[in-house]
Amino acid sequence: MSGYVGILVSDPWLQNQFTQVELRSLKTQFVSMRRDSGKLTLGDLPSKMSRLKVVGENLTEGERGAFIQDVYQNMQDEVDFELFLRVYLKLQAHASARMGSGAKNSSAFLKAATTTLLHTISESEKASYVAHINNYLKDDEFLKKYLPIDSSTNDLFEIAKDGVLLCKLINVAVPGTIDERAINTKSLLNPWERNENHTLCLNSAKAIGCTVVNIGNEDFIEGRRHLVLGVISQIIKIQLLADLNLKKTPELVELVDDSKDVEELMSLPPEKILLRWMNFHLKKSEYKRIVTNFSSDVKDAEAYAHLLNVLAPEHVNSSIFKVKDSLQRAKLVLQHADRMGCKRYLTERDIVEGCPNLNLAFVAHIFQHRNGLRQTKQISFTEGSLEDNQLSREEKAFRFWINSLGPSMYVDNVFEDLRNGWVLLETLDKISPGIVNWKIANKPPIKMPFKKVENCNQVVKLGKQLKFSLVNVAGNDIVQGNKKLILAYLWQLMRCNMLQLLKNLRFHSNGKEINDVDILEWANNKVRGSGSKSRMMSFKDKSLSNGNFFLELLSAVQPRAVNWSLVTRGVTDEEKKMNASYIISIARKLGCSIFLLPEDITEVNQKMILTLTASIMYWFLKQPAEERAPATPDSDASSQQDMSSSSAADDSCSESSTDSGSSI
């Protein structure tokens with residue numbers, strides 16, 4: 001059946017967006033639409049898509065037409081099936097956003113920014129984000145000739161077209177994400193170099209937790225304002241919320257009473273912690289309501305007036321509590337914030353109109369500037385053990401990977417958000433379309449515990465069907481949030497996805513199962529074919545820590561990828577880290593969607609080493625033959641032979657390091 005999908009859609013990304021049943025149904029409708037006139041243009045779609053679920057039911061023909069016109073410009077372009085699917089996905093996201101489908105999601109802002117594909121943008125948000133960029137990037141050597149940006153123009157979207165601005169902004173949000181040696185920063189970039197920057201930006205954005213489903217390089221190149229602003233919005237919010245955890249701000253422990261509450265606090269998404277912090281201080285005032293969102297609950301500005309009075313009473317204007325008009329009160333709030341040095345991100349109009357993105361940014365900025373907390377309680381595990389740090393790193397990698405697949409609900413913490421089984425079922429269906437029995441699945445919100453167990457029992461059953469090692473694992477273990485078992489399952493799920501993607505490239509694997517040995521041998525053959533004597537003995541080979549093997553592998557698959565003058569010898573720990581950082585950025589720049597840190601290479605984390613190698617292999621094999629780097633005949637022939645010679649994995653190549661009994 002997977003072969004049938006391959007015939008319908010050649011793009012692997014598109015294959016991952018639909019189940020086989022959905023693809024067949026959409027193909028039937030596409031053929032029907034085209035049958036009338038013999039061809040189908042973008043201009044035909046607004047009327048013909050009226051029959052499609054969500055898109056037809058929730059958007060008028062005029063709304064569909066206006067949206068398609070804004071995104072694609074030339075309505076006379078002929079539509080093939082893959083373009084039809086892309087238009088459908090964008091319209092579906094637009095319709096869902098119009099219905100407010102993400103309103104109850106605790107992290108809706110992360111998805112809303114890129115799935116609210118409106119053909120108009122908030123000028124207030126644009127002005128706010130431009131001010132942020134001007135402030136944080138004003139001293140950047142490359143960008144300072146373009147800054148400050150005038151928010152009254154569209155200069156932001158023009159400057160963003162070469163990809164440099166967004167790459168730099170990602171590094172402001174999460175320092176070190178992108179090795180700046182990998183960014184193309186010539187004054188005049190050719191299309192290939194611009195495309196590399198956009199690819200690096202999108203893959204790095206996914207790696208820090210942005211949702212960029214349905215966004216591609218062409219959206220940046222063509223300056224699609226709503227999409228560019230959506231990505232910028234997410235990046236800035238990740239920066240503003242970065243300190244809302246116990247590691248960065250241990251004083252947050254003041255918000256809870258005991259260690260059990262601390263564990264709960266640590267599992268909350270950052271905006272929920274921000275709300276808890278806000279309500280913690282409001283309890284000290286005469287304000288009696290609970291703030292539950294950054295929109296309707298703050299529109300009257302009363303909560304802000306009381307919050308700022310608690311945090312900075314020396315700057316209060318007593319008349320603020322006598323004012324009856326919300327707009328006037330909001331103006332006084334911003335004057336108070338200005339005296340604190342916190343007037344940023346919004347206007348009084350944004351407050352009374354309840355703009356959630358800008359209100360959240362405003363409160364986060366206040367928290368950064370003056371959180372009003374004191375570290376009076378000592379919690380022994382705030383710092384975390386070495387094992388806890390490793391679990392945290394793996395949790396983050398798996399979480400960002402799942403979110404990159406576009407689940408219906410954004411995952412903030414895999415130990416909490418996967419416990420009802422629904423997102424795991426969605427992920428399984430993306431990896432192996434049609435495998436989930438949705439008739440017996442229970443969709444959130446799920447109040448009855450046994451319904452969660454039913455979902456998780458199916459998750460375990462399907463894992464065994466996919467040959468995961470799940471000895472003594474039951475659905476209730478996932479419901480109970482067993483960390484090691486959840487991580488072990490997720491690792492096998494990610495590995496299964498990689499191997500399935502490689503297998504789908506049938507002309508390379510001859511339809512055979514691909515395993516860890518094949519990936520290992522492919523990498524060694526590519527490096528040997530380039531004339532190097534380097535070799536990777538296994539995915540836990542300690543010699544990999546200096547990064548040289550992966551630099552040679554990247555150079556072998558794309559000779560222009562590595563600038564060897566920027567590579568260190570990899571002798572000291574600092575040199576090894578520099579090489580590792582460069583490797584990750586170069587791989588993302590080529591098009592590899594990877595979720596590892598430099599430490600995963602320097603410490604030779606075998607799971608992440610396998611994902612890196614497999615991602616490079618997948619990227620290389622899906623390139624058209626004429627665009628691939630030349631290789632010696634021996635290495636290609638050897639690679640083909642190795643890939644089809646064995647169907648049993650050599651466990652020594654990627655032996656699991658978890659204690660859950662999974663041999664991966």
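Biologist: How many residues does the largest nonpolar core have, and which of them have the most contacts inside it?

Modeller: In this predicted model, the largest nonpolar core comprises 177 residues, and Trp277, Met278 and Phe550 have the most contacts within it. Helix H26 (residues 483–504) supplies the largest share of this core, 13 residues. A second, separate core holds 25 residues, among them Leu42, Leu45, Val71 and Phe81.

Biologist: Which residues is Trp277 in contact with, leaving aside its neighbours within four places in sequence?

Modeller: With those neighbours set aside, Trp277 touches Leu255, Leu307, Leu311, Val363, Ile366, Phe367, Arg370, Asn371 and Leu373.

Biologist: At what angle do helix H16 and helix H20 pack?

Modeller: Two packed helices are described by the angle between their axes and the distance between those axes. Here, helix H16 (residues 270–282) and helix H20 (residues 356–369) pack at about 65°, and their axes are 11 Å apart. H16 is therefore roughly perpendicular to H20. From H16, Glu271, Leu274, Trp277 and Met278 make the contact, and from H20, Leu360, Val363, Ala364, Ile366 and Phe367. These residues divide into 8 nonpolar, no polar and 1 charged. The crossing of H16 and H20 is left-handed.

Biologist: Is the crossing of H9 and H14 left-handed or right-handed, and how is the pair arranged?

Modeller: The crossing of H9 and H14 is left-handed. The axes of helix H9 (residues 123–136) and helix H14 (residues 225–240) come within 10 Å and cross at roughly 55°, so H9 is oblique to H14. Residues in contact include Tyr129 and Ile133 in H9 and Leu229 and Ile236 in H14. The contact of H9 with H14 divides into 6 nonpolar, 3 polar and 4 charged residues.

Notes
Residues numbered from 1 in each chain as written. Predicted model: local features only at pLDDT ≥ 70, side-chain atom pairs only at ≥ 80, totals over all residues. Heavy atoms only, no water. Core = buried A, V, L, I, M, F, W, Y, C linked by side-chain atoms within 4.5 Å. Buried < 20%, exposed > 50% of the residue type's maximum accessible area, 1.4 Å probe, protein only. Helix = DSSP H or I, 4+ residues; strand = E, 2+ residues; numbered from the N terminus. Contact = heavy atoms within 4.5 Å. Axes fitted to C-alpha atoms, helices over the stretch in contact; angles between N-to-C directions. Parallel < 35°, antiparallel > 145°, perpendicular 65-115°, else oblique. Left-handed = near helix turned anticlockwise from the far one by under 90°. Nonpolar A, V, L, I, M, F, W, Y, C, P; charged D, E, K, R; others polar.
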